[in-house]
Amino acid sequence: MRFFGGIFYDIEDERVIEAIRSIPRELFVPDEFKDYAYVDSALPIGYGQTISQPSLVAYMTQLLELDKNKEVLEIGTGSGYQTALLAKLAKKVYTVEIIEELQKRAKKILDKLGLDNIKYKIGNGYEGWEEYAPYDAIMVTAAPPEVPEKLLEQLKDSGKMVIPVGKPGHTQVLKLIIREGDKFIEEDLQYVRFVPMVK
Ligand code: SAH
């Protein structure tokens, strides 16, 4: 499946394709980059942060196998673009952002789109969001140096987590982690570049 031209990933889940097509990405990118909203590339969103390229957002979302019974924790609200996709596919999204201004901007857009199954928190997502844990799925869009223990703890049995991992200045690997009881099955998927997660 090809998105927006450019790089493409294997997106086969029709629900993910339909959902991502229904989200106006231009709303989530700053005015000066609106012309590039439908190019498959990452763009700056201010405060040194970036919105990922849509094909990667779709690919990462597909890995979580969401449906309307599932509750998902997202770390790194950023522009809110990934949040919108999660909200379309899951029952409920709990999203944590450390930069208040970004969260405010994202919430405004997501409210405008009528996405009302999202709960927002300003805080350090390295700790997850204990209050509503455990989650069926966890989506992390900033890269910690290693997988945070708290996030593993907050994943339900059979739950799935998608997370980029790598030390600042080093290569990051996108991982899919599946919980099986007390065991965590880890699969390395590909090299990626996300902003570092604040610890
Ligand atoms: N998914 C976003 C991209 C986010 S960029 C989108 O679609 O636009 C990564 C985001 O993670 C940034 O907004 C950054 O501020 C946030 N972040 C970094 N460290 C964090 C932490 N410890 N807790 C919560 N958010 C964090």
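Biologist: What makes the largest pocket a pocket, and what is its volume?
Modeller: The volume is about 430 Å³, taken as the space filled by probe spheres set on grid points joined across faces, edges and corners. On a 1 Å grid over the protein atoms alone, a pocket is an open set of points where a 1.4 Å probe fits, with protein on both sides within 12 Å along at least five of seven lines. This is a predicted model, where local features need pLDDT of at least 70 and side-chain atom pairs pLDDT 80 or more, while totals for chains, interfaces and linings use all residues. Residues are numbered from 1 along each chain, and side-chain values use heavy atoms, without hydrogens and water.

Biologist: Which residues of the lining lie nearest the centre of the largest pocket?
Modeller: Of 30 lining residues, G76, E97, T141, A142 and V195 lie nearest the centre; lining means an atom within 4 Å of a point. β2 (49-51) gives the most, three residues.

Biologist: Why are the buried residues of α1 said to line one face?
Modeller: In helix α1 (residues 14-21), V16, I17, A19 and I20 are buried, that is, under 20% relative accessible area with a 1.4 Å probe, protein chains only. Their directions from the helix axis to the C-beta atoms fall within an arc of 170 degrees, so they line one face. E14, E18 and R21 are exposed on the face turned away, exposed being over 50%.

Biologist: What covers the buried residues of α1?
Modeller: The cover includes α2 (54-64) and α3 (81-89), contact being heavy atoms within 4.5 Å.

Key: Helices (H or I, at least four residues) and strands (E, at least two) are DSSP runs, numbered from the N terminus.
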